[in-house]
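Here are my notes for a colleague who is opening this entry for the first time. Please keep the sequence and the structure in view while reading.

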Amino acid sequence: MSTIRIQKSEQVRMAPAQFAALAELMRLRPGPAQESVRLHLVDGLSVPDAARESGCPYRHAWQAVQRALAAIELVRIAAP
């Protein structure tokens with residue numbers, strides 16, 4: 001199975017309710033990494049800015065965002 005990646009140029013933005021559904025689907029635990037993902041996807045912050053704002057190490061924030069983007073792509077494939 002290959003890794004799913006969203007094109008780098010694609011900007012993913014979502015409403016707070018959509019993020020809540022994504023977080024539940026992914027079983028994201030509340031904490032700095034989840035907050036980094038929310039800041040990136042809902043508020044539009046860059047990953048480094050989201051990591052700083054949430055107090056999450058950049059590497060953890062980046063990994064969490066990548067997992068979220070992969071989950072979004074899988075949902076798009078499953079429900080076009």
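Where is M14 found? Keep that in mind; point 3 takes it up.

1. **Overall layout.** This is a predicted model. The protein chain has four helices and zero strands. Read from the N terminus, the order of elements is α-α-α-α. The protein chain has 80 residues, and 35% of them count as buried. Take the contacts with a separation of 6 or more: residues 24 or more positions apart account for 53% of them.

2. **The nonpolar core.** Begin with the largest nonpolar core, which has 19 residues. The residues with the most contacts inside this core are M14, F19, L22, V37, L41, L69 and I72. Helix 4 gives the most, with seven residues.

3. **M14.** Now the opening question. M14 sits in the segment before helix 1. Its relative accessible area is 15%, so M14 is buried. Setting aside neighbours within four places in sequence, M14 is in contact with F19, L22, L41, V42 and I72. M14 and H40 are 26 residues apart in sequence, yet their C-alpha atoms are 9.6 Å apart in space.

4. **L41.** This residue is on the list of those with the most contacts inside the core. What does L41 touch, leaving aside its neighbours within four places in sequence? The partners are V12, R13, M14, F19, L22, A68, L69 and I72. L41 also takes part in the contact of helix 2 with helix 4, and in that of helix 1 with helix 2.

5. **Helix 2 against helix 4.** Helix 2 covers residues 32-41 and helix 4 covers residues 58-78. Their axes come within 9 Å and cross at roughly 60°. That angle is why helix 2 counts as oblique to helix 4. The crossing is right-handed. From helix 2, the residues in this contact are A33, S36, V37, H40 and L41. They meet A61, A64, V65, A68, L69 and I72 of helix 4. By class, this contact of helix 2 with helix 4 has nine nonpolar, two polar and no charged residues.

6. **Helix 1 against helix 4.** How do these two helices lie, oblique or roughly perpendicular? Helix 1 and helix 4 pack at an angle of about 95°, with their axes 11 Å apart. Helix 1 is therefore roughly perpendicular to helix 4. L22, L25 and M26 of helix 1 make the contact with R67, A68, A71, I72 and V75 of helix 4. The class count for helix 1 with helix 4 is seven nonpolar, no polar and one charged residues.

7. **Helix 1 against helix 2.** The axes of helix 1 and helix 2 come within 11 Å and cross at roughly 145°. This crossing is right-handed. F19, L22 and A23 of helix 1 make the contact with Q34, V37, R38 and L41 of helix 2. By class, the contact of helix 1 with helix 2 has five nonpolar, one polar and one charged residues.

8. **I72.** I72 is found in helix 4. At 9% relative accessibility, I72 counts as buried. I72 and V12 are 60 residues apart in sequence and 9.0 Å apart in space, C-alpha to C-alpha. I72 is also in the contact of helix 2 with helix 4, and M14 is in contact with I72 as well.

9. **V47 in helix 3.** Helix 3 holds V47. Is V47 buried or exposed? V47 counts as buried, because its relative accessibility is 11%. Leaving aside neighbours within four places in sequence, V47 is in contact with H40, Y58, A61, W62 and V65. V47 and Y58 are eleven residues apart along the chain, and 7.5 Å separates their C-alpha atoms.

10. **R27, a backbone point to check.** R27 lies in the loop between helix 1 and helix 2. R27 is not a glycine, although it has a positive phi of about 60°. Its relative accessible area is 74%, so R27 is exposed.

Conventions: Residues are numbered from 1 along each chain as its sequence is written. This is a predicted model: local features need pLDDT of at least 70, side-chain atom pairs count only at pLDDT 80 or more; totals for chains, interfaces and linings use all residues. Side-chain values use heavy atoms; hydrogens and water are left out. Axes are lines fitted to C-alpha atoms, for helices over the stretch in contact, and angles run from 0 to 180 degrees between N-to-C directions. Angles under 35 degrees count as roughly parallel, over 145 as roughly antiparallel, 65 to 115 as roughly perpendicular and the rest as oblique. A crossing is left-handed if the near helix is turned anticlockwise from the far one by less than a right angle, and right-handed if clockwise. Contact means heavy atoms within 4.5 Å. Ala, Val, Leu, Ile, Met, Phe, Trp, Tyr, Cys and Pro count as nonpolar, Asp, Glu, Lys and Arg as charged, and the others, Gly among them, as polar. A nonpolar core is a set of buried Ala, Val, Leu, Ile, Met, Phe, Trp, Tyr and Cys residues joined through side-chain atoms within 4.5 Å. Buried means under 20% relative accessible area, exposed over 50%, partly exposed in between (1.4 Å probe, protein chains only).
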